[in-house]
Amino acid sequence: MKKYIAFFRLRFSMGLQYRAAALAGMATQFFWGTMEILMFRAFYRTDPASFPMTLQATCAYVWLQQAFLALFMAWLMDHDILDSIVVGNIAYELCRPINIYNMWFSRNLANRFSRAVLRCMPILILAVLLPAPWGLMLPASPLALVLFTLTMLLGVGVTVAFCMLIYMLSFFTISPTGLCTLAVSTVEFFSGAIIPLPFLPDGIREIFELLPFASMQNVPLRIYSGDLAGSAMYRAIVLQIFWLLLLIAMGKALDALAMKKITVQGG
Amino acid sequence: MRLYGKFFVMHLKSIMGYKTSFLLSCLGNFLVSFNVFLGIHFMFRRFSRVEGFTYSEVLLCWGITLLEFTLAEAFARGFDTFGSVVRQGEFDRILVRPRNVILQVLSGHIEFSRIGRVLQAIVMFVFGIRMSGVRWTTAKAAAVAVMLLGGAVVFAGMFVIYAAICFFTLEGLEFMNIFTDGAREYGKYPVSIYGKRVLQLCTFVVPYALIQYYPLLYLLDRGKPWYALLPLAACLFMVPCLLLWRLGMRHYVSAGS
């Protein structure tokens with residue numbers, strides 16, 4: 001366990017170095033969030049009755065999504081890992097007396113957390129300062145804040161576990177770009193990154209909420225504003241734990257399989 | 001132009017080395033923009049209109065914007081990886097060759113997996129036109145052609161600015177994504193729905209509204225006929241872009257080893 005924590009810390013402090021990039025990223029995300037909210041505003045003004053969430057909850061969803069973008073976005077893959085598989089540098093990693101799945105898992109977690117830590121605060125502060133319905137509201141209740149933090153951790157876990165599946169699969173496909181784009185675009189839609197899941201029509205939404213993708217950002221972002229509460233919330237948390245365990249188990253199985261028949265490329 | 005053709009074939013051959021991955025990327029790229037369509041579709045399952053635009057009108061708008069963007073991207077995306085070209089010192093190699101610099105940058109990187117997106121853009125474009133319920137006349141068809149031209153030029157100009165900035169910062173600025181991918185993303189709805197300020201900004205500073213909102217009004221019989229000519233005015237946007245590019249070239253100091 002200690003070695004993996006060491007890996008986590010190494011990556012985490014590495015990620016904190018890129019401050020200029022973080023500044024540019026924050027500006028982009030703030031702009032992105034503004035446009036998103038302006039879009040929802042247009043729909044809200046036209047027909048407020050059809051709005052499935054409160055306006056405040058929607059805005060909170062958008063701001064939190066932008067602030068913690070690095071935690072949940074599937075396209076934030078670790079390209080070093082993918083490259084090392086393509087180029088063959090993976091051989092060095094395999095020489096180490098550690099489990100590759102666990103190492104990459106901690107590495108990915110660290111990458112995402114360091115990025116998020118650098119970027120989230122200014123966005124959150126600015127968003128809180130915006131006037132009432134458009135800004136970021138305070139959490140619905142103290143309990144909501146606690147559960148938001150908890151489910152956010154679970155959500156990141158599910159996201160990383162899913163990405164791990166892709167890394168493991170790239171052992172078999174050699175050139176991973178295709179697989180990546182495909183997986184990323186699937187996640188984007190099903191996880192509520194394009195439009196929040198409550199905006200989907202009934203019938204489709206219930207199915208989507210059972211999928212692992214809904215356990216990523218959908219749950220924490222909606223718990224914060226109180227949009228997801230009561231028994232539905234607890235069901236969602238149980239589902240998150242279930243998917244996290246299942247995805248990790250699948251990843252481990254693939255890991256074992258890949259290690260058995262791995263061919264290292266390059267010379 | 002013949003040189004561009006040669007580069008084109010070269011890239012095509014190299015990509016065919018990894019066929020499965022290539023097909024998957026095409027599919028992935030197709031899905032990325034299909035996602036946006038699904039987003040629009042589901043929003044309109046719930047809301048019947050937005051700020052006076054109906055589902056079919058938004059689809060027309062999105063179809064045209066996407067095709068404009070894809071046209072620009074198909075040719076000018078080479079500028080997208082320009083940051084690393086400058087950082088690695090590869091730009092020196094380009095400078096010493098006795099060929100046009102821009103042409104070489106353009107042909108340095110051709111992304112074939114965008115075929116998926118081109119396909120998606122064409123499908124959306126045709127779908128949007130079929131659904132729109134616009135009564136087509138020769139003038140309107142010409143207006144669409146002008147929109148596509150103007151749009152492609154404006155987006156291409158954005159890619160040029162993006163690359164020109166790399167001369168100064170040595171790195172592609174994530175911030176510029178707002179003007180390329182962001183504009184495509186939010187161009188799915190007519191610019192006016194984002195409010196008056198955004199509309200003004202997109203009219204006078206960055207001419208997105210000129211290639212999207214105003215000519216669209218003309219197509220929908222809500223605007224004056226001269227709105228259809230605005231995309232031509234938007235083409236002028238390329239002038240400052242190229243000026244910036246030249247300024248950047250003069251500023252260029254070799255990097256890398």
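# Notebook: two chains and where they touch

I started with the contact between the chains: 36 residues of chain B and 31 residues of chain A take part. Two residues are in contact here if their C-beta atoms, placed from the backbone, lie within 7 Å. On the chain B side, helix H2 (19-46), strand S1 (49-50) and helix H9 (181-186) each supply at least two of the residues that touch chain A. H2(B) gives the most, with 19 residues. I noted that helices (H or I, at least four residues) and strands (E, at least two) are DSSP runs, numbered from the N terminus. By class, this side of chain B has 21 nonpolar, ten polar and five charged residues. For the classes, Ala, Val, Leu, Ile, Met, Phe, Trp, Tyr, Cys and Pro count as nonpolar, Asp, Glu, Lys and Arg as charged, and the others, Gly among them, as polar.

Before going on, I wrote down that this is a predicted model, where local features need pLDDT of at least 70 and side-chain atom pairs count only at pLDDT 80 or more, while totals for chains, interfaces and linings use all residues. Residues are numbered from 1 along each chain as its sequence is written, and chains are lettered from A and ligands numbered from 1 in the order in which they are written.

**H2(B)**

Next I checked the length of H2(B). At 1.5 Å a residue, its 28 residues should span 40 Å, and the end C-alpha atoms are 41 Å apart, which agrees. The expected span is 1.5 Å times one less than the number of residues.

Which residues of H2(B) are buried? Among them I found B:Leu24, B:Cys26, B:Phe30, B:Leu31, B:Val36, B:Ile40 and B:Met43. Buried means 20 or more other C-beta atoms within 10 Å of the residue's own, exposed means 12 or fewer, and partly exposed is in between, with C-beta atoms placed from the backbone. The cover over the buried residues of H2(B) includes helix H2 (19-46), helix H8 (142-173) and helix H9 (177-190) of chain A, together with helix H3 (55-76), helix H7 (115-131) and H9 of chain B.

I looked into helix H7 of chain B, where B:Met124 lies. B:Met124 is buried, with 25 other C-beta atoms within 10 Å. Leaving aside neighbours within four places in sequence, B:Met124 is in contact with B:Phe37, B:Trp62, B:Gly63 and B:Leu66.

Then I picked B:Val105, in helix H6 (residues 101-108) of chain B. B:Val105 counts as buried too, with 21 C-beta neighbours inside 10 Å. Its C-alpha atom is separated by 13 Å from that of B:Ala74, 31 residues apart along the chain.

**Each chain as a whole**

Chain A has twelve helices and zero strands. Why do I call chain A as compact as a globular protein of its length? Its radius of gyration is 19 Å, close to the 18 Å that the globule rule gives for 267 residues. The radius is taken over C-alpha atoms, and the rule is 2.2 Å times the number of residues to the power 0.38. I also noted that 45% of the 267 residues of chain A count as buried.

Chain B has 14 helices and two strands. The radius of gyration of chain B is 19 Å, close to the 18 Å from the globule rule for 257 residues, so chain B is as compact as a globular protein of that length. Buried residues make up 42% of the 257 residues in chain B.
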